[in-house]
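Me: I would like to go through a structure by question and answer, with terms defined as they come up. Please show it.

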Amino acid sequence: MSVTAAIVERPPPRTRGWPRTRIIGYALVCLWGAFGLGIVAYLVLAWNPEFFAKYAPAYLEGLGVTLSLVGISMVLGAILSIPVAYGRMSKNRILSSLAYAYVYFFRGTPLLVQTFLVYYGVGSFRPQLEAVGLWWFFREAFYCGVFAFALNTAAYQAEILRGAIESVAKGQWEGAASLGLHKLQTLRKIILPQALIVALRPYGNELILMIKASAIVAIITVYDLMGQAKLAFANSFDIQAYIWVAIVYLVIVEILRHAVEWIERRITIHLKR
């Protein structure tokens, strides 16, 4: 055996001490742990049963508004995303350009700006809206929030759907065509079941992002979970108002995350050996 081979085969020397990245990582974990313990300690020491008894029902009411807002927006966005995704995949330049412009605008501008454009911008055309019978819709802040959120999430869901469909191998289309299936049957029975497995996690992420972004509607006088927290803080000047609402959001996100993981395990059980 040559000297060169012996040097190559020799295992690398053991690293002595802690590298800088490991030290920084442990320091950050300890910092976040101390921060979390500090929050828990504050909630225990500053526990105010009167505050909880007074504002807990309002928080539950706000939670219902938040879930309704996000649920309706996600469903409407899913329906709207289908034609947008079709336009993005279309070979027709006009359809693909319009769909691209829609996705580009709603993914490239802040959701807060979009909400303001709907609530303040469209609402400024009251005479025109009354003339066509739509003022009853745009005068309500909740409906404006649903409208803006649905348009926003439709752009993201369209890209999720498009990417998932295009991730399926083209041989699936060719194999279905050789069996005499038309495109709609192929899409419904072969392509979509495979595409939805790919799209599940992105859809779950989008739902979580929408839950957290729903706090925006508190700015346009919708008394959702964040709106009730703002009202509670304005009346009590107690920072617990925001700490508790943060905990509620965190619990919702964790429930959704575990639910998505459970669904993924269930629908991909045939892929595990």
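Me: In which helix does Gln-157 lie?
Reply: This is a predicted model, in which local features need pLDDT of at least 70, side-chain atom pairs count only at pLDDT 80 or more, and totals for chains, interfaces and linings use all residues. Residues are numbered from 1 along each chain as its sequence is written, and side-chain values use heavy atoms, with hydrogens and water left out. Helices are DSSP runs of H or I with at least four residues, strands are runs of E with at least two, and both are numbered from the N terminus. By that rule, Gln-157 lies in helix α8.

Me: Is Gln-157 buried or exposed?
Reply: Buried means under 20% relative accessible area, exposed means over 50%, and partly exposed is in between (1.4 Å probe, protein chains only). Gln-157 has a relative accessible area of 1%, so the residue is buried.

Me: Which residues is Gln-157 in contact with, leaving aside its neighbours within four places in sequence?
Reply: Contact means heavy atoms within 4.5 Å. The C-alpha atom of Gln-157 is separated by 15 Å from that of Ile-211, 54 residues apart along the chain. With neighbours within four places in sequence set aside, the contacts of Gln-157 are Met-74, Gly-77, Ala-78, Ser-81, Tyr-203 and Glu-206.

Me: Which residues is Thr-153 in contact with, again leaving aside its neighbours within four places in sequence?
Reply: Thr-153 has its place in helix α8, residues 141-167. Thr-153 counts as buried because its relative accessibility is 0%. Outside four places in sequence, its contacts are Ser-73, Met-74, Gly-77, Glu-206 and Met-210.

Me: Are α10 and α12 roughly parallel or roughly antiparallel?
Reply: Axes are lines fitted to C-alpha atoms, for helices over the stretch in contact, and angles run from 0 to 180 degrees between N-to-C directions. The axes of α10 (residues 183-213) and α12 (residues 240-267) come within 10 Å and cross at roughly 170°. Angles under 35 degrees count as roughly parallel, over 145 as roughly antiparallel, 65 to 115 as roughly perpendicular and the rest as oblique. The crossing therefore makes α10, relative to α12, roughly antiparallel.

Me: How do the residues of the contact of α10 with α12 divide into nonpolar, polar and charged?
Reply: On the α10 side, the residues include Ile-197, Leu-200, Arg-201 and Gly-204, and those they meet in α12 include Tyr-249, Ile-252, Val-253 and Glu-264. Ala, Val, Leu, Ile, Met, Phe, Trp, Tyr, Cys and Pro count as nonpolar, Asp, Glu, Lys and Arg as charged, and the others, Gly among them, as polar. The division is 12 nonpolar, 1 polar and 5 charged.

Me: Which residues does Ile-219 touch, not counting residues up to four places away in sequence?
Reply: Ile-219 lies in the loop between α10 and α11 and, at 43% relative accessibility, counts as partly exposed. Its C-alpha atom is separated by 9.6 Å from that of Thr-115, 104 residues apart along the chain. Beyond four places in sequence, Ile-219 touches Leu-112, Phe-116 and Tyr-120.

Me: What is the phi of Thr-221?
Reply: Thr-221 is found in the loop between α10 and α11 (225-236). Although this residue is not a glycine, its phi is positive, at about 70°.

Me: What radius of gyration does the protein chain have?
Reply: The chain has 12 helices and 0 strands. The radius of gyration is taken over C-alpha atoms, and the globule rule is 2.2 Å times the number of residues to the power 0.38. A compact globule of 273 residues would have a value near 19 Å, but the protein chain has 26 Å.
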